[in-house]
Amino acid sequence: MIDFKKANLDDLIAIQNISKLSFIETFAAINTPENIEKYLQESFSKDQLTIEISNPKSPFYLVYIDNKPIGYLKINLGDAQTEYFEEPTLEIQRIYVLQAFHGKKIGQLLLDEAIKIAKQLAVDFIWLGVWEENHRALHFYAKNGFITFDKHVFVLGDDKQTDLLMKLEIK
Ligand SMILES: CC(C)(COP(=O)(O)OP(=O)(O)OC[C@H]1O[C@@H](n2cnc3c(N)ncnc32)[C@H](O)[C@@H]1OP(=O)(O)O)[C@@H](O)C(=O)NCCC(=O)NCCS
């Protein structure tokens with residue numbers, strides 16, 4: 001049974017667990033252990049996640065299978081977005097689904113929720129940054145109509161990586 005709900009601070013540990021495990025599953029094989037560890041400690045500490053979850057402009061949405069939290073969506077609205085655009089836009093900062101549950105359309109469910117919110121808010125487009133080596137995610141977003149429009153540097157520990165910026169027109 002699949003459930004889906006907007007998260008709050010009570011979900012901090014579930015979000016922390018999914019964040020860390022999903023990041024390790026996706027990126028540990030192709031990055032140094034030091035860089036991965038530094039990112040996990042900085043980005044997914046309880047303090048950092050508490051700030052993020054408490055921000056009303058950065059809602060999190062959790063997915064459960066049989067009451068177990070297995071994935072989440074984090075979007076950024078307004079000035080919570082990590083890049084500035086003149087047009088009204090919505091950023092998908094993270095869609096994380098635990099590996100054991102990939103290929104079951106959970107990512108699709110989370111993306112569809114972001115698209116629904118983007119339409120309600122009448123933004124011009126949804127955008128996101130995705131690592132150029134994350135082929136599975138690139139394929140997933142391209143399949144859903146996202147196109148690459150720019151790139152920026154993402155620093156993982158001491159490694160400078162390229163994130164592709166992709167967008168989906170909503171208007
Ligand atoms: C990217 C991600 C969100 C997709 O979630 P998901 O629940 O597996 O996606 P869905 O089941 O809705 O869709 C599966 C799609 O993923 C892609 N996909 C699945 N397996 C793949 C593989 N082995 N290689 C490449 N693409 C693959 C395909 O586009 C597939 O669609 P298809 O079945 O129609 O071909 C998920 O893989 C994930 O959380 N990855 C780890 C974290 C991450 O990289 N997040 C995105 C960057 S922030």
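D3 is located in strand β1 (residues 2–6), where strands (E, at least two residues) and helices (H or I, at least four) are DSSP runs numbered from the N terminus. The structure is a predicted model, in which local features require pLDDT of at least 70 and side-chain atom pairs count only at pLDDT 80 or more, whereas totals for chains, interfaces and linings use all residues. Residues are numbered from 1 along each chain as its sequence is written, and side-chain values use heavy atoms, with hydrogens and water left out.

With a relative accessibility of 30%, D3 is classed as partly exposed, a class that lies between buried (under 20% relative accessible area) and exposed (over 50%), as computed with a 1.4 Å probe and protein chains only. The C-alpha atom of D3 is separated by 23 Å from that of E91, the two residues being 88 apart along the chain. T89, in strand β4, is buried at a relative accessible area of 6%, and its side chain is joined to that of Q81 by a polar contact of 2.7 Å; such a contact is a pair of N or O atoms within 3.5 Å, for which, within protein, one atom must be able to donate a hydrogen and the other to accept it, and residues adjacent in sequence count only if both atoms are side-chain atoms.

Around the ligand there are 19 residues, of which V97, K105, G107, H139 and K143 come nearest, a residue being near if one of its heavy atoms lies within 4 Å. By class, this shell comprises seven nonpolar, eight polar and four charged residues, with Ala, Val, Leu, Ile, Met, Phe, Trp, Tyr, Cys and Pro taken as nonpolar, Asp, Glu, Lys and Arg as charged, and the others, Gly among them, as polar. A polar backbone atom of V97 lies 2.7 Å from an oxygen atom of the ligand, a backbone N or O atom of K104 lies 3.3 Å from a ligand oxygen, and a polar side-chain atom of R136 is placed 3.0 Å from an oxygen atom of the ligand. Two or more residues of the shell are given by each of α1 (12–27), β4 (89–97), α4 (106–120) and α5 (135–143), and the largest share, six residues, comes from α5.

Helix α5 also contains Y141, which counts as buried at 7% relative accessibility. Y141 and D112 are 29 residues apart in sequence, and their C-alpha atoms are 12 Å apart in space.
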